[in-house]
Amino acid sequence: MLSRATLILALLATTAAAAPPAPAAEAVDRLFTDIRDPAGPGCAVSVQRDDDVLLERAFGLGNLEQPGPILLETIFEAGSVSKQFTAAAIAVLAAQGRLSLDDDIRRYLPEMRDYGVPITIRMLLTHTSGLRGWDDLVELAGAPRGERVYGQGEVFALIARQSALNFTPGSEYLYSNSNYVLAAVIVERASGESFATFSRRVLFEPIGMVSTSWRDDRNRVVPGRATAYTPDDAGVLQIDMPGEDVVGPGGLLTTVGDLQRWNAFLEHPSEGARPWVSLMLETRGALTDGTLIAYGMGLESGAVSGRAVIS
């Protein structure tokens with residue numbers, strides 16, 4: 001299970017509505033037995049089918065220093081769930097004709113090296129670029145995330161300095177946060193707006209995600225934000241929050257309610273949004289040899305009990 005216990009989210013969009021396997025509150029409570037300590041960190045849970053909220057539950061405290069219960073309105077760090085929103089921003093620009101998924105990234109990021117084979121935006125979004133993960137690089141350099149502050153510009157420069165790739169672009173799949181840092185920078189350069197401003201204008205505000213934003217300033221006060229914790233070797237909980245201003249691969253601040261609004265919008269997009277929503281939901285990664293991979297634009301395609309699932 002997860003060591004960081006303040007956020008657990010399972011977001012599924014299926015091709016046909018199906019009742020949750022255990023809709024009763026008691027059954028859901030049993031799933032979260034390990035983190036149901038009322039004096040410890042917990043989580044918020046929401047289950048929805050079509051337009052009906054079937055279940056909403058909140059467990060534990062959002063902060064151990066100034067104890068207060070987690071609420072359905074509590075704002076969480078979304079971790080890599082953030083990636084689908086970065087991909088959505090790219091999809092909007094593609095639908096508007098302001099970029100193509102098959103553009104060479106150096107069209108927007110001339111600072112990047114020429115590796116002999118073009119890296120496309122599509123390769124970034126599907127993790128087939130071969131770019132090394134920036135978090136791995138700083139850890140190898142002796143300054144891992146969490147031990148010092150990193151900013152977006154510094155991380156971009158680090159990625160651009162890579163002298164070589166892990167593999168020829170398009171030939172393999174390897175999950176790398178570097179891909180989505182670059183995607184966020186491309187959004188800014190293609191749109192002419194900051195990543196946060198563009199996301200708010202074309203995604204969050206139209207969808208009604210009023211509690212959602214990017215953590216692009218680690219010092220900004222965010223009322224109602226939960227603090228994450230992880231146990232040390234002795235089992236003592238320590239604060240485990242991102243001390244960085246890096247967004248794209250992570251850094252989304254949101255609530256379970258806003259994520260349900262997002263899911264509902266993807267299932268029933270507005271007329272103007274259908275082109276980019278379709279692009280986002282239907283795109284799957286493919287290697288140069290034709291092999292399809294599960295990962296697409298911040299989402300994965302698969303099956304559960306014989307039903308097609310995007311998660």
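Is threonine 283 buried or exposed? With a relative accessible area of 10%, threonine 283 is buried, where buried stands for under 20% relative accessible area, exposed for over 50% and partly exposed for what lies in between (1.4 Å probe, protein chains only). The structure is a predicted model, in which local features need pLDDT of at least 70 and side-chain atom pairs count only at pLDDT 80 or more, while totals for chains, interfaces and linings use all residues. Residues are numbered from 1 along each chain as its sequence is written, and side-chain values use heavy atoms, with hydrogens and water left out.

Threonine 283 sits in the loop between helix 9 and strand 13 (284-286); helices (H or I, at least four residues) and strands (E, at least two) are DSSP runs numbered from the N terminus. A polar atom of the threonine 283 side chain lies 2.6 Å from the backbone oxygen of leucine 279. Leaving aside neighbours within four places in sequence, threonine 283 is in contact (heavy atoms within 4.5 Å) with Leu101, Arg122, Gly296 and Met297.

Helix 9 (residues 274-282) packs with helix 8 (residues 256-267) at an angle of about 100 degrees, their axes being 9 Å apart; the axes are lines fitted to C-alpha atoms over the stretch in contact, and angles run from 0 to 180 degrees between N-to-C directions. Helix 8 is therefore roughly perpendicular to helix 9, a term that covers angles of 65 to 115 degrees. From helix 8, Trp262, Phe265 and Leu266 meet Trp276, Val277, Met280 and Leu281 of helix 9, and by class this contact has 7 nonpolar, no polar and no charged residues.

Trp262 and Trp276 also belong, with Met112, to the residues that touch the most other members of the largest nonpolar core, which has 64 residues; such a core is a set of buried Ala, Val, Leu, Ile, Met, Phe, Trp, Tyr and Cys residues joined through side-chain atoms within 4.5 Å. The largest share of this core, 9 residues, comes from helix 6 (residues 177-191). Apart from it lies another core, of 7 residues, including Phe32, Cys43, Leu55 and Phe59.

Two loop residues call for a look at the backbone. Most residues other than glycine have a negative phi. Aspartate 50, in the loop between strand 2 (43-49) and strand 3 (52-59), has a positive phi near 55 degrees and counts as partly exposed at 45% relative accessibility. Histidine 127, in the loop between helix 3 (121-125) and helix 4 (134-140), has a positive phi of about 60 degrees and is buried, with a relative accessible area of 0%.

Technical notes: Angles under 35 degrees count as roughly parallel, over 145 as roughly antiparallel, 65 to 115 as roughly perpendicular and the rest as oblique. Ala, Val, Leu, Ile, Met, Phe, Trp, Tyr, Cys and Pro count as nonpolar, Asp, Glu, Lys and Arg as charged, and the others, Gly among them, as polar. A polar contact is a pair of N or O atoms within 3.5 Å; within protein, one must be able to donate a hydrogen and the other to accept it, and residues adjacent in sequence count only if both atoms are side-chain atoms.
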